[in-house]
Amino acid sequence: MKQIDHTRNSTSMRETLLLVDDDDAVRRVLYLKLSREGYTCQEANNAEQALHVLETIPIALVILDIKMPGKSGMELLPEIKEGYPDTAVIMATAVNDVNIAVQCVKLGAGDYLCKPFNLDDVSLAVQRGLDKRRLQLELREYQQFLEEKVEEQMVEMRRLFLGAIEALVSALEAKDKYTGGHSRRVTEIALAIGKELGLSAQDMENLRWGSLLHDVGKIAIHEVIQNKPGRLTPEEYEHIMTHSHIGASIVRPVVNGKITEIIKHHHDHHDGSGLHQVVAGHDIPLGARVIAVADAFDAMISDRPYRAAMSIAQGVQEIKRCAGTQFDPAIVAAFLKTVEPVTVQASKPPSGAPDGEL
């Protein structure tokens, strides 16, 4: 806490006060008193000058006369508190009226001084105002610090949780020669498409997590159905397709809504013909439209329990054929620009390993 003496600490020496009064003599007395106590003082004789000073110089505290020609201090006070909420204000007047004092406090003033001034009272009021201001700033900084720490902890918890889910997905895929590495390959293809589309860094991050976790809902799908060597019955197909909604519900507590929606809608068809589909076209999240292409392509060029893998050329032709029906034509166009044999072959696993989407 500051003491009222002529030796101010380095912090107080940097605090700048603004003295606003149309009486030159009053300003001069305040200037001399407060300057001797270590404060830097600026002066203004009307509201317009005061606002100009506030715009150009950081002001810690204003001593503001209530009655001035033109805009009064009472009219200026709300403007100061709105535009410079961290600036403390002490009102000064020759009228000792409790009602005016109460009104000043309601408008945001921290204190109220009556003329003629007792200069020691002025010093005390300035000290109180600055101490209160400093405490408020410190409390705000501490609150921000706590919020940042909580956010950091939440981010770390989210990272650990998502990492655990990703590891679980990888472990489940590794148990099956048809699904090994599928999610990572889909992620590589999806991110290549996203880059071609010029997606923002945040959208790319959402696409990355949506791709890595798009099949997490298959945890709840029976292995017998998932690895059935023959054609699925309508009931089996409907069961296996629930993994999109199940996956979204699994990750919802720890990811943002865009990632959840990407996972939820990654099997939606562009023309709205998908199973139990409620949105179509551009109402399908962009990330989901990207993953739909990446997912299907990896499935096509991978061995499945019920068929051998297509060639890359065959897979590309099938993606082209379904543009406008199952897939967004704009996404297909971006995909085609990324499909170079070397790139695709590098991400394609050994024969007999990969999975793919249904």
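One aromatic pair was counted in this predicted model. Rings of Phe, Tyr and Trp (its six-membered ring) pair if their centres lie within 6.5 Å; planes under 30 degrees apart are stacked, over 60 edge-to-face, and the rest tilted. The partners are Phe297 and Phe335. Their arrangement is edge-to-face, with 4.9 Å from centre to centre and 65 degrees between the planes. Phe297 belongs to helix H13 (residues 286-300) and Phe335 to helix H15 (residues 329-338), so the pair ties together parts that are 38 residues apart in sequence. Helices (H or I, at least four residues) are DSSP runs, numbered from the N terminus.

The model is predicted, and local features need pLDDT of at least 70, side-chain atom pairs pLDDT 80 or more, while totals for chains, interfaces and linings use all residues. Residues are numbered from 1 along each chain as its sequence is written, and side-chain values use heavy atoms, without hydrogens and water.

Phe297 is buried, at 1% relative accessible area. Phe335 is buried too, also at 1%. Buried means under 20% relative accessible area, exposed over 50%, and partly exposed in between (1.4 Å probe, protein chains only).

Charges also sit over rings. The charged end of Arg28 lies over the ring of Tyr31, 4.8 Å from its centre. Arg208 places its charged end over the ring of Trp209, 4.8 Å from the ring centre. The rule requires NZ of Lys or CZ of Arg within 6 Å of the ring centre and within 35 degrees of the ring normal.

Zero disulfides were counted; a disulfide is a pair of cysteine sulfur atoms within 2.5 Å. Cys104 is buried, with 1% relative accessibility. Cys322 is buried at 7%.

Note on methods: Helices (H or I, at least four residues) and strands (E, at least two) are DSSP runs, numbered from the N terminus.
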